[in-house]
Amino acid sequence: MRNIWAIADKELRQFFGGSVAYVVMAAFLMLTGFFFYDMVMSYNRYLGYTQMNPAMMDQLNINDLIITPLFHNINVILLLIVPLVTMRLFAEERNQGTDEMLLTSPVSIGQIVTGKFLAATAFYLLLLLLTGLYPAILFKYAKPDIGKLAAGYAGLILMGVSFIAFGLFASTLTRSQVVAAIVSFAVLLVFWILGWLAESQAGVFGKILKYLAMTEHFERFSQGMIDTSDLLYFVSFIAFFWFMATRAVESTRWR
């Protein structure tokens, strides 16, 4: 475990030693802040309408009008942000030629991959932690559903870590950070839109596409529901691409 934490610490220091981490954080907060502000303003407009039409009060639900849409918007932003976080994990090492030193060290491949994976995950969790400001604001003026918030954040954690697992794998395939980011974004986008494709397909094939679609599994989390099948999907996705990243790095060690 000591080797894993040492690698994770090294990755985080390098990440925050440059400008990328701060640019990503600023972009993430700017985008999420914009969407949160827009949703709050929309909610306030609806609130104004209810004063003229009290019957609309039953439709005024802060969970449905702010929290759920916010989770979905954060999810879209992650599709753009996470590839920027993971693109350098192995591609930079290969481009600079430092991968040989790392791979010939007494540290195992599994420890190297896990350390880098944990570093990216820690940075991602920091991003999510910063969004805690939005629920805090809502609690000051309203009563959001705590269970729905907890389930939604659990979904964001699983979705984001799944993105990281694939991005980590993509970074092992090339020495170009740009290529790694593009591959990561493109493939994750496919997993994203499979749910839409499934709607036009019938039978077993349609069911398979629907199961593979990430958004289908995240949807229930955003609605406040935690299903074991969704947990199994995300855990399996993460484990599979961690394994693939490990195998990819091992193949380079013996070339």
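Apart from neighbours within four places in sequence, Glu11 makes contact with Arg88, Leu89, Glu93, Lys116 and Ala119, contact being defined as heavy atoms within 4.5 Å. The model is a predicted one, in which local features need pLDDT of at least 70 and side-chain atom pairs count only at pLDDT 80 or more, whereas totals for chains, interfaces and linings use all residues. Residues are numbered from 1 along each chain as its sequence is written, and side-chain values use heavy atoms, with hydrogens and water left out.

Glu11 lies in helix α1 (residues 2-17), helices being DSSP runs of H or I with at least four residues and strands runs of E with at least two, numbered from the N terminus. With a relative accessible area of 3%, Glu11 is buried; buried denotes under 20% relative accessible area, exposed over 50%, and partly exposed the range in between (1.4 Å probe, protein chains only). The side chains of Glu11 and Arg88 are joined by a polar contact of 2.9 Å, that is, a pair of N or O atoms within 3.5 Å, of which, within protein, one must be able to donate a hydrogen and the other to accept it, residues adjacent in sequence counting only if both atoms are side-chain atoms.

The protein comprises 12 helices and 0 strands, and 45% of its 255 residues count as buried.

When residues up to four places away in sequence are not counted, Phe163 touches Asn75, Leu78, Leu79, Val82, Leu188, Trp192 and Met214. Ser162, placed in helix α8, counts as buried because its relative accessibility is 0%, and, with the exclusion of residues up to four places away in sequence, touches Met214, Phe234, Phe237 and Ile238.

The axes of helix α3 (residues 62-86) and α8, taken as lines fitted to C-alpha atoms over the stretch in contact, with angles running from 0 to 180 degrees between N-to-C directions, come within 9 Å and cross at roughly 15°. The two helices α3 and α8 are therefore roughly parallel to each other, a description applied to angles under 35 degrees. Among the residues through which they meet are Asn75, Leu78 and Leu79 in α3 and Leu156, Phe163 and Ile164 in α8.

Note on methods
Parallel < 35°, antiparallel > 145°, perpendicular 65-115°, else oblique.
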